[in-house]
Every structure is written in C-alpha cells, then in structure tokens.
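Morning, everyone. I have one structure to go through today, so please look at the screen while I talk.

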Amino acid sequence: MKILDRYLIHHFLRPLVACGVIFTLLVFVGHFFDKMEIFNRFHAHGLDIIAYVILGIPYWLNVVFPVVTLLALMFSLGPLQQSGEITAMRSAGISSYRLYVPFFAMGTLISLVSMVGGMTVFPSLSARANVIYRARIKHEQAFNTLRDHLVLTGRDNQNFTIGTLDTGTGTMTDIAIDQFDNQMRHKSTLSAQKGHFQNGLWLFSKGNIISFDADGNLRNEPFEEKLLDIHETPGDFVYENSKPDDLTHRQLQQRIQHLHDLGVKAYKEEVALHTQFALPLANIVVILIGIPFALNRLKKGTAQTVFYAFGGTFLYWGAVSVFQSLGEQGMMPAWISAWTPNLIFGTAAFWMLIRATRA
C-alpha cells in the first residue's frame with residue numbers, strides 16, 4: 001500500500017470509528033427508550049432488557065451505517081480540501097480519480113462486511129433478540145402454533161382448506177383436501193372434522209371421500225377414521241413468526257421455496273433476499289454522493305454542504321422505502337424494487353462526481 005493510500009485511509013478511519021461509536025450509542029439509547037413502556041408494563045428483568053437491546057444493535061447499525069460512512073467521508077475529505085492538501089496532491093501530478101481510490105476501497109470493504117453479516121450473523125442475532133422480547137419480556141409464545149382459515153396449495157396437486165391448525169399438537173379441524181391430476185382435472189375431495197399427524201401419517205376422523213371417474217360419475221365413501229400418507233407435515237402449512245429481516249440468506253431461500261410449494265406469494269421474502277445484496281452497496285453509493293459535496297465545501301460552506309449531502313442521502317433512503325413497498329405488494333419484481341434506487345442514485349452521483357472533478 002502506498003504512503004498516499006495509507007494517509008487518506010487514516011484520515012477516513014478516525015471519523016469512521018468515532019461516528020460508528022456515536023451511532024452505536026444512538027441505536028442503543030433509541031431502541032431502549034422506544035420499548036421503555038413495554039419494559040415497564042411487563043416488569044422486564046434488567047438482564048433481559050440488556051440482552052434484547054444489545055443483540056439488536058448489529059442489525060440496526062448495519063442499516064444506518066451508510067450514514068456513518070457518509071459522515072466519515074465528509075469529515076475526512078472535506079478538511080483535506082479546505083486545507084489545500086487535495087489541491088497540492090493534484091499539483092503533484094496525482095489525478096483526482098486516483099485520490100478517490102482509497103475511499104472507494106474502504107466503501108467496498110464496508111459493503112462486503114455489511115453483506116456477509118447481513119446474510120448470516122446480523123439476522124440471527126436480531127431473531128434471538130426478538131425471541132427474548134416475546135418470550136422473556138412480554139411472556140408470549142416465541143412462535144405462535146395456532147392458525148385459522150388456511151387455504152393452501154400443497155404438493156402432488158392437492159389443495160387444502162383448513163379451519164384451524166395447531167402445529168404444537170399436530171391437529172387440524174374442518175378439513176377439505178381437493179385432489180387434481182396432472183391436467184388439473186378434479187379427481188377427489190376428502191372432508192373430515194378432524195385430522196391428527198402421528199408417526200409421519202395423517203389420521204382423519206369422521207369424514208367423507210368423494211371420488212370422480214373419467215366420465216364424471218362420483219363415488220361417496222364415508223369413514224370414521226382414515227389413515228393417509230400425505231407429504232405435508234403440520235409445520236409445512238405455516239412458517240415461524242420470524243420477520244423476513246430476521247432470516248439469514250439460506251433461511252430466506254428455504255422459506256421462499258416453501259411458500260412457493262404451498263402456492264403462497266412470497267413478495268416480502270423475495271424483496272428481503274435481494275435487499276441483502278443491494279443494501280450493503282449503499283455504502284458505495286453514499287461515497288459517490290459525498291465526494292462532490294466534500295470537494296465543494298470551500299464554495300458553499302461546511303454547514304450547507306453537509307446539509308445537501310444528508311438531503312441526498314435521505315432522499316436515497318426514501319426511494320429505497322418506496323420501491324421496497326412496491327415490491328412487497330407485488331407491484332414490481334423483487335429485484336427491480338431492491339436495485340432501482342442504487343441504479344438511479346448511483347448514476348446521478350457518478351455524474352456529479354465527474355462534474356466536480358472537472359470543475
């Protein structure tokens with residue numbers, strides 16, 4: 001690594017660490033006071049509160065860290081520009097784009113850490129925090145085992161209509177199972193008052209099976225008990241109460257596949273999956289946004305420059321929220337909703353960077 005790179009990275013790391021510590025404290029205090037009323041109402045233990053808040057910090061810090069990156073850039077590159085060091089470096093024959101390399105290298109490193117952590121460790125810690133919040137602070141079930149009024153598509157061309165389902169006991173009531181062939185012709189309907197999952201099989205009670213032959217004739221078969229080998233287990237009809245943000249990359253992929261098998265739309269999960277790649281790149285986008293503003297501090301003043309840079313960054317986050325909402329509602333493909341803000345603001349920021357460099 002050249003002396004110039006070390007010098008610029010050193011100037012960047014000092015405010016990065018300072019801003020990182022400040023935002024960690026802000027996340028801790030903000031999260032604590034946001035749930036203060038819940039803590040008081042349920043007389044939560046101090047250790048449970050501390051564990052809940054601390055375990056949630058990595059996820060939330062990962063979300064807001066692009067702001068930390070922007071501040072670090074403004075407080076490192078800006079003073080270098082004000083003191084004339086950037087001008088001196090350019091006069092020595094160092095191109096402007098060469099001066100930006102260390103900052104983009106740090107942005108890329110931060111993005112990689114954010115991406116790997118956001119796909120593995122951070123969601124797991126957030127999920128553990130939420131389990132503590134529900135089970136040990138609010139004294140609820142960590143995962144709700146009861147479901148009502150389920151209408152799902154299963155494997156083997158079967159459609160399920162279920163009145164109530166308890167995954168804890170493996171029982172369901174008011175069941176109707178419609179069986180179709182590969183051409184989606186209706187073959188049979190099983191209806192039963194109760195079903196119980198045991199030893200890998202479903203035992204249905206007090207029901208009836210209506211079968212249809214090729215000519216459309218039906219055959220009625222009432223039964224008191226009927227043991228059937230159905231691929232779906234009780235857990236296949238539902239999934240845990242974990243939010244998509246609390247799932248690792250592999251868990252999201254598994255849930256999406258599971259929902260698709262059941263014929264359920266997985267818009268939120270698909271958006272969350274793409275966001276795990278798109279969100280970390282915000283650290284590079286804010287560097288693209290911040291460099292032109294940092295270089296213009298002498299012209300417009302520090303306060304105004306920082307205000308404009310933050311305005312552009314929060315406008316970016318606003319676009320992220322809007323496109324994410326559109327994707328979660330199924331109004332656009334998940335990959336478009338996750339990547340469009342990066343494309344729009346990255347392109348605009350790159351154009352601003354070229355203009356600022358030529359000025």
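A patch, as I use the word, is made of residues with over 30% relative accessible area and no salt bridge, with like charges joined within 9 Å and nonpolar side chains (Val, Leu, Ile, Met, Phe, Trp, Tyr) within 5 Å. Accessible areas come from the Shrake-Rupley method with a 1.4 Å probe, and for residues only the protein chains shown count as cover. A salt bridge is a side-chain nitrogen of Lys or Arg within 4 Å of a carboxyl oxygen of Asp or Glu.

This is a predicted model, where local features need pLDDT of at least 70 and side-chain atom pairs count only at pLDDT 80 or more, while totals for chains, interfaces and linings use all residues. Residues are numbered from 1 along each chain as its sequence is written, and side-chain values use heavy atoms, with hydrogens and water left out.

Now the patch. Val17, Val21 and Leu25 make up a nonpolar patch on the surface, and together they have about 280 Å² of accessible area. Valine 17 sits in helix α1, residues 3–34. Helices (H or I, at least four residues) and strands (E, at least two) are DSSP runs, numbered from the N terminus. Is valine 17 buried or exposed? Its relative accessibility is 51%, so it counts as exposed; the cut-offs are under 20% for buried and over 50% for exposed, with partly exposed in between (1.4 Å probe, protein chains only).

Next, the salt bridges. The count is eight. In one of them, arginine 98 pairs with aspartate 5, with the closest N and O atoms 2.9 Å apart. Arginine 98 belongs to helix α5 and aspartate 5 to helix α1, so this pair ties together parts that are 93 residues apart in sequence. Aspartate 5 is buried at 12% relative accessibility, and arginine 98 is partly exposed at 25%.

Another salt bridge joins lysine 226 and glutamate 221, at 3.1 Å from N to O. Through shared partners, salt bridges connect Arg219, Glu221 and Lys226 into one network.

Last, the strands. Two strands pair if DSSP finds at least two bridges between them. Strand β1 (residues 146–153) and strand β2 (residues 158–166) pair in the antiparallel sense over seven bridges, and leucine 150 has isoleucine 162 in β2 as its bridge partner. Four residues lie between β1 and β2 in their hairpin, and aspartate 156 in the turn has a positive phi of about 60°. β2 also pairs with strand β3 (residues 171–180), antiparallel again, over eight bridges.
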